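Me: I'd like to learn how to read a model like this one. Can you take me through it feature by feature?

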Amino acid sequence: PQAVKHMKAHGADFEPFYPQDRIEKFYERAGLAAPKEFEDLLSQAAQRKYWANNFVIQTAANRTGIPIVIWSLEEGKKDQKRP
């Protein structure tokens, strides 16, 4: 909830970078409908059990001042890598 409040308060910092056309596959993999607009993203992100996308994670890092490192696992590979 704190990240969503921060995103709402600083929407101008986030909305221009909202890549709706590139996120649908990620939401599909998470079993969620992709938000169509930035406001939809905020509504979804405020819900419990929401898949934390890059906006939510970046906001949490900005809000807390704590760096967050994300490791990714490529499909079909056993090794993780840092993007």
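Reply: A patch is built from residues with over 30% relative accessible area and no salt bridge, where like charges are joined within 9 Å and nonpolar side chains (Val, Leu, Ile, Met, Phe, Trp, Tyr) within 5 Å. A salt bridge here is a side-chain nitrogen of Lys or Arg within 4 Å of a carboxyl oxygen of Asp or Glu. Accessible areas come from the Shrake-Rupley method with a 1.4 Å probe, and for residues only the protein chains shown count as cover. Two housekeeping points: this is a predicted model, where local features need pLDDT of at least 70 and side-chain atom pairs count only at pLDDT 80 or more, while totals for chains, interfaces and linings use all residues. Numbering runs from 1 along each chain as its sequence is written, and side-chain values use heavy atoms, with hydrogens and water left out.

Me: Which residues make the nonpolar surface patch?

Reply: Phe26, Leu32 and Trp51 make a nonpolar patch of about 240 Å². Phe26 sits in helix α3, residues 20-30. Helices (H or I, at least four residues) and strands (E, at least two) are DSSP runs, numbered from the N terminus. Buried means under 20% relative accessible area, exposed over 50%, and partly exposed in between (1.4 Å probe, protein chains only). Phe26 counts as partly exposed because its relative accessibility is 35%.

Me: And which residues form the negative surface patch?

Reply: For charge, Lys and Arg count as positive and Asp and Glu as negative, with His and the chain ends not counted. Each charge is placed at NZ of Lys, CZ of Arg, CG of Asp or CD of Glu. The negative patch here is formed by Glu15, Glu37, Glu39 and Asp40. Asp40 belongs to helix α4, residues 38-45, and is partly exposed because its relative accessible area is 32%.

Me: How many helices and strands does the protein chain have?

Reply: There are 5 helices and 2 strands, in the order α-α-α-α-α-β-β along the sequence. Buried residues make up 28% of the 83 residues. The chain's accessible surface is about 6,500 Å², and 51% of that belongs to carbon and sulfur atoms.

Me: What do the buried residues of α5 pack against?

Reply: Contact means heavy atoms within 4.5 Å. In α5, Phe55, Val56, Thr59 and Ala61 are buried, and the buried residues of this helix pack against α1 (2-9), α2 (11-14) and α4. Take Thr59, in α5 (residues 54-64): it counts as buried because its relative accessibility is 0%. Setting aside residues up to four places away in sequence, Thr59 touches Ala3, His6, Met7 and Phe14. After α5 comes Gly65, with a positive phi near 75 degrees.

Me: Is His6 buried or exposed?

Reply: His6, in helix α1, counts as buried because its relative accessibility is 18%. Beyond its neighbours within four places in sequence, His6 contacts Phe14, Thr59, Asn62 and Arg63.

Me: What does Leu41 touch?

Reply: Leu41 is in helix α4 and is buried, since its relative accessible area is 0%. Not counting residues up to four places away in sequence, Leu41 touches Met7, Tyr18, Tyr27, Pro35, Tyr50, Asn53 and Phe55. Leu41 and Glu15 are 26 residues apart in sequence and 9.9 Å apart in space, C-alpha to C-alpha. Across the chain, residues 24 or more positions apart account for 35% of the contacts with a separation of 6 or more.
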